[in-house]
Amino acid sequence: MSDFLFRFGGEGGEGVISTGELFTTACARSGLEIYTFRSYPAEIKGGHAMIQVRVADSNVLLSRGDRADVLVAFNKESYDRHYKELKDGGVLVFDNTDFLPDDDTRTLKYPIPFNKIAMEEIGVRLTKNMVSLGALSELFGVPQDKFKELIREKFSKKGEAVLEKNFQALAAGAKYVRENLKKEDKIRVEPTGRQPRLVLSGNEALSLGAIAAGLKVYAGYPITPASTILEFLAKELPKVGGVVIQTEDEIAALGTVLGASFAGKKAMTATSGPGFSLMIEMLGLAVMAELPAVIVNAQRAGPSTGMPTKMEQADLMMAIYAGHGEAPRVVLGLTSVEDCFYGMIRAFNIAETYQTPVVVLTDQGLAQREASITKPDVTGIEVLERRKPTVEELANYERFRITPDNVSPMSVPGMPDGFYSATGIEHTEAGALNYEPANHNKMIAKRANKLQGVLKLPWIVKTYGLEKPEVAVIGWGSGEGVIREAVDKANKAGFKVGALHPKILWPFPAEIINKYLAQGVKRVIVPELNYSGQFASLLKQHLTNGNRSIDVVPMAKAGGIPWTPDEIVAEIKEASKIHA
Amino acid sequence: MPKMTAAQYKTKIEPVWCPGCGDFGVLNALCNALSVKEVDPKNLVFASGIGCSGRLPPYVQAYGFHTVHGRVLPISTGIKVANPDLTVVAVGGDGDAFAIGGGHIPHMSRRNPSVVYIVMDNGTYGLTKGQASPTGPLGMKTGASPYGTIEPPLNPIAMALAYDISFVARAYSGKNKELEALILKALNHRGFSFIDVISPCITYYNTYKQLPPLLAPVPDTHDVKDRVKAFELALKEDKIYLGLFYQNERPTFEERIRSVVDQSEASGIPRLDEIFLDFA
């Protein structure tokens, strides 16, 4: 079993990210599992750019991993920044025409003059990236043919001459390694002979999930890191007869979505924190008018403009509570690239079934990283539709009639006798405006209670590790994989730890969590990427009497990058010590 | 569908408006025009923003969506693109249209969906008891401007022309036949149509006496395709012209969306499986 982490660093805008992406796809096409993580500046040119890919030959990858096995440093800055995160005995591949590393024996060092080869042998400076890929192919076993195939797909429109230069650069990198370097490491990422894997970013998987769920109208405004959803759907949604509208702002985006939903279509928008802030009044309208809608918030570090290209999980409270008055909605947290696909189907199914806005939380890290997944079987997907009124119900139609499950039959324009006015003003069951306290009390309860059904869905939490642990790790959203990997490591080291990961964040799955904790958990670690420990405080609020003595330890950081497995393992060890 | 009278387009709900409010005239003219055009109520949607005029939707036999302040245009766009067979009428006041919602108007014009937008323009915020609106005159004294307003009004017709809205008209709620005729024209227009209806507020800013002497019909000789001439009429300070200033039919949003779908070679058959292949 092989499992290696490659990190690429260099000047932003110089093709570092594309180099990492080509390496990733070549690995996936060789039947390897991949998991990427990247960090780049908000600027289009300049600044430092980094992409890393973890590559394994069999096991599904759960996190970005810990320290790197290979660091490809295109400049001094990337060496300075990342060298300490290169494992002892790891490999530093660097451009010795740009800099020379310190003379230590901690790692193996392969100097390759990328720039010089590109300039002198190829005559085009930016082919240094292809030189590096040629070198990596020679060093670590990714077939050069896979790179050639990708280069052909990527650059074929630019003509044979450009293709030829790139092929030459690839060959030159490989040749340099053959003639000048002696491989002293054991790192190999060779083809497995298995089927090529689908490589999707979180945003791509999410968009495909929305299409699979029956999305027909998408409206959005460009914002990092959600813009790629707009771009992806602009290309793909018309193919299934859908509409994508780039609106003038986020208010208009959610407005367009609500109009389309009112008129009977499945509709969604996607944004990030600043845009989500603008949508809040509309979110309240969706709750009041009981309109299905899916709102994706790809969280980034805030507040205000914050750090657009860095991740954070700090919009949880906002997703749950934002808005004036009491406006209950459903909040889901996407947990992995694969879950982005299935999670969106669940989001639409809930939105339609319960006639409610569903806020779907992803984040910059999950949105932009790629992972290999098994191709979903689209024939087996369950897609639900909103409850339409029957002929009898239309005879004396009441749009907001209180039913046993508090979900009312919903007519749409075009339906005879289904007339009603959707309104943000409080209304009666028939939809007439009404300001009476008794009516308000009744209707506000209806809107809150109808969401309780969501908590009966079978998939709302996942558990990992020991079934009856002493130490429990409860995170949320994109923390799932890294927590799972950490728990697995800790279990193997003998620690009595388990993990519960909620996929539904609101309504809060209190009953199922309390039941899990009541089995003998003494301490709960809550890893989340925010400063104040938002989920941890929700959890404390919802502990039942018997569970109040359990320590809830927030493990919160707001640095803008995800956890590594070892950071969580260290916390598990610490927590176990206290209870030993 | 059997022909419905104007009265049959009205529901039994009693409007909340003050007796003498201009909005009654708008409601009457609307129902008359709907009757003439024989619009099937099941395919008719009235969307509105917030304000006295925003209360209109349930008074008409149709589907209604009484939304939030200033956002009736994006919501109407969503309704129209979701189902292009619907007749969509957006209504609201001048605060809704030109203050809080002003940013949506140019984009509505760029998109040009077939939505009729009727602004009941009275120069004041009636529902919050008479503050000055963006079309109230300079120096208007109100609770929020006790020394008189210090912001001159905007000119909705000139603004609509500048944005190149494909149908620009002005009417007066007191001239019901003319208003009805304009609404009918707007309903027949392919694309976004904008009618600024001067609809006085009898309670907070009563202009019933001062307005009529200033009103004049757009001259018969005016060519509605001539945008520059339309600007001249809109900028006249001694007269308030009523009628159709400008009409320029061009492809609608629904048509352009259709052509994008066609370009993407939509087969109507979900082809999600094929999309996956792009990521192998």
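Two residues are in contact if their C-beta atoms, placed from the backbone, lie within 7 Å. The exercises below use a predicted model.

**Exercise 1.** Leaving aside neighbours within four places in sequence, find which residues B:V168 is in contact with.

Solution. Start at B:V168 and skip its neighbours within four places in sequence. Then apply the 7 Å limit to the C-beta atoms. The contacts that remain are B:I157, B:A160, B:L161, B:F194, B:A230, B:F245 and B:Y246.

**Exercise 2.** Describe the side of chain B that touches chain A.

Solution. Begin with the totals: 49 residues of chain A and 42 residues of chain B take part in the contact. On the chain B side, at least two residues each come from strand 2 (63–66), helix 2 (72–82), helix 8 (253–263) and helix 9 (272–277). Helix 2 of chain B supplies the largest share, eight residues. Sorted by class, this side of chain B holds 23 nonpolar, 14 polar and five charged residues.

**Exercise 3.** Determine in which sense strand 2 of chain B pairs with strand 15 of chain A.

Solution. Locate strand 15 of chain A at residues 421–423. Three bridges link this strand to strand 2 of chain B, and the sense is parallel. For one bridge, take A:A422: its partner in strand 2 of chain B is B:F65.

Terms used
Residues numbered from 1 in each chain as written. Chains lettered and ligands numbered in written order. Predicted model: local features only at pLDDT ≥ 70, side-chain atom pairs only at ≥ 80, totals over all residues. Helix = DSSP H or I, 4+ residues; strand = E, 2+ residues; numbered from the N terminus. Nonpolar A, V, L, I, M, F, W, Y, C, P; charged D, E, K, R; others polar. Pairing = 2+ DSSP bridges.
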